[in-house]
Amino acid sequence: MQKSKNNSIKLMKYSILLFFICWHNLVYSQVSVDTYLETGSTNVSAGLFGNFSTQISALFGSFSVSTGGLLNFSNANTSVFSAYSIQAANEFKILNLPVNIAALYLWKPFSADLRESDFGLLAKFRTKHWGYQLGINSRIYYFTNSARQKYNFADSVATSIWEPFNLMYRLSYYQSLGKKWDFEACVTNFDRYIIEQETNPLLQAKFSYKLNDKLLFYSDLGYMQAGLLNMRVNTFGLFLRGAVLWKIN
Amino acid sequence: MENKLKSSIHIFLVLMTFFFSGCSLNVDIGGFFFPSDLIDSRFKQSEQWNNSHLFKQLTVSSENYQILVAGDSHIGGFAEVSHSEGLKNFTKLVIEAKKPENTAFLIVGDIVSGQKEDFDSLKANLPDYNINPYFLLVGNHDLYFDGWKTFYNYFGSSTYYFSIKTPTFSDLYICLDSGSGTLGVGQLAWLKNVLETERAKYRNCFVFSHVNFFRNRRTGSTNPLVDELYVLMDLFATNRVNLVISGHDHVRSLNYFGFTTYITMDALLDANPNASILKLTVSTTKTSFSFMDLKSLN
């Protein structure tokens, strides 16, 4: 009992320390909030879906961390909270070029019983007109603990599937459309809260409008297809996103 | 230096696109842009066919029975056009299927290379359905060169279910059309409905799809998009589907996930040194499977 109390006090001390470190760092960092509303339809959404996401980022010199969550509203979904992501990145000089390398984690409670976890590494490099992102991720699908109990799985029953290696890529073309407007078109296999298999690319077009140094509005139009490398291209889904990026300090 | 790096990245990306496509000569490049058929229209045709044809039920006199499953025979050639290509291993499958211990056989797509002459070869080499029942699925290669029209004309629906009835139990077999890399809206709704309304009436449930679900290795073959996998994995888990059997990737793999085992078959392709047939054995106490190496069959 006494031991447990001591552990709790220790944990509380560490939490307070961690809070102050975070708070101190946040004060001396550049914090931004990226929020979007999205609507669209896919082959599995049972009609239109709506998404709401908020991502908070903090930049400390060349190092940055960001974290965000996604709420999903659709006829097909069983839970509204549908994704969480966290990413830490640092900028390096490789061959004298600025390359941003990020480590990422994505968690998706995609049904009452099943979850997905993704771990990845992603390198980004950009020139005036072209942007390249290349990385790898590893994916695990698994039953929740409560589902394992509900189904009374024996210890010998496998309750997870691991896909060890998947390529992540994004090739973007950027075009400035004046002082405040910018355009980006890209082909990629990942987005904020989804990492598709490397054989399922999606297309995105983005328009952004910089109101001032602190506020940026943007809109994304995405097209998802199935069967490209089967040479039987079929539409899978479309989405339209409206977003605001606010640099707080 | 910077320009050199940029050029290298461009070349790498273009090469990667071709590498992923797993390009061979006997393919319908038009399907990249304007495929002659779409999954939702194929499903509508299959539904019409199902409405005018009776749901198939095979009856066996014993409590134990066995069926054979194969995939990716690519009659008509995989890398080049040859209408007799693919028949060597296919013939071995038919000889095995005709043995009295086998109740039926299924081929999980990419049976031919899409040309009408290939479908003619297939039809000529299939046994009499009334003696040796068989069930065929559509794969992406079957759809090339407007192949869907011939498939539908010769064999009918590509989305259907059938059952095998023993003296005391019945087992449900669901065959899906995943040749386009997605089930589409209509077929997914149909699958949900079948599992919700029919599954409970049967002892075992087996699902067959051409496209495999998981990526156990790096490969250019396409899987259903992640959002669709979420729905399917959840449906199969909650409805206690026993086996999901697919082909497409040409290399055998097994994934055990809760009550469901996901099997990707070896290709039956003549040129495949590891070609095999899956033997599914169902008894009162258990369901088991094994692989028959085609090299061991004369």
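**Reading strands and a buried loop residue**

Modeller: In chain B, strand S9 (residues 253-257) and S10(B) run antiparallel and are joined by five bridges. Strands here are DSSP runs (E, at least two residues), and helices are runs of H or I with at least four, numbered from the N terminus; two strands pair if DSSP finds at least two bridges between them. This is a predicted model, where local features need pLDDT of at least 70, side-chain atom pairs count only at pLDDT 80 or more, and totals for chains, interfaces and linings use all residues. Residues are numbered from 1 along each chain as its sequence is written, while chains are lettered from A and ligands numbered from 1 in the order in which they are written.

Biologist: Which residue is the bridge partner of Asn255(B) in S10(B)?

Modeller: That is Tyr262(B). S9(B) and S10(B) form a hairpin with two residues between them, and Gly258(B) in the turn has a positive phi of about 65°. S10(B) also runs parallel to strand S8 (residues 243-246) of chain B, through four bridges, with Ile245(B) opposite Ile263(B).

Biologist: Is Val211(B) buried or exposed?

Modeller: A residue is buried if 20 or more other C-beta atoms lie within 10 Å of its own, exposed if 12 or fewer, and partly exposed in between, with C-beta atoms placed from the backbone. Val211(B) is buried because 29 other C-beta atoms lie within 10 Å. Val211(B) sits in the loop between strand S7 (205-209) and helix H8 (226-238) of chain B.

Biologist: What is Val211(B) in contact with, leaving aside neighbours within four places in sequence?

Modeller: Contact requires C-beta atoms, placed from the backbone, within 7 Å. The partners of Val211(B) include Ser178(B), Thr222(B) and Ser246(B).

Definitions and conventions
Contact = placed C-beta atoms within 7 Å.
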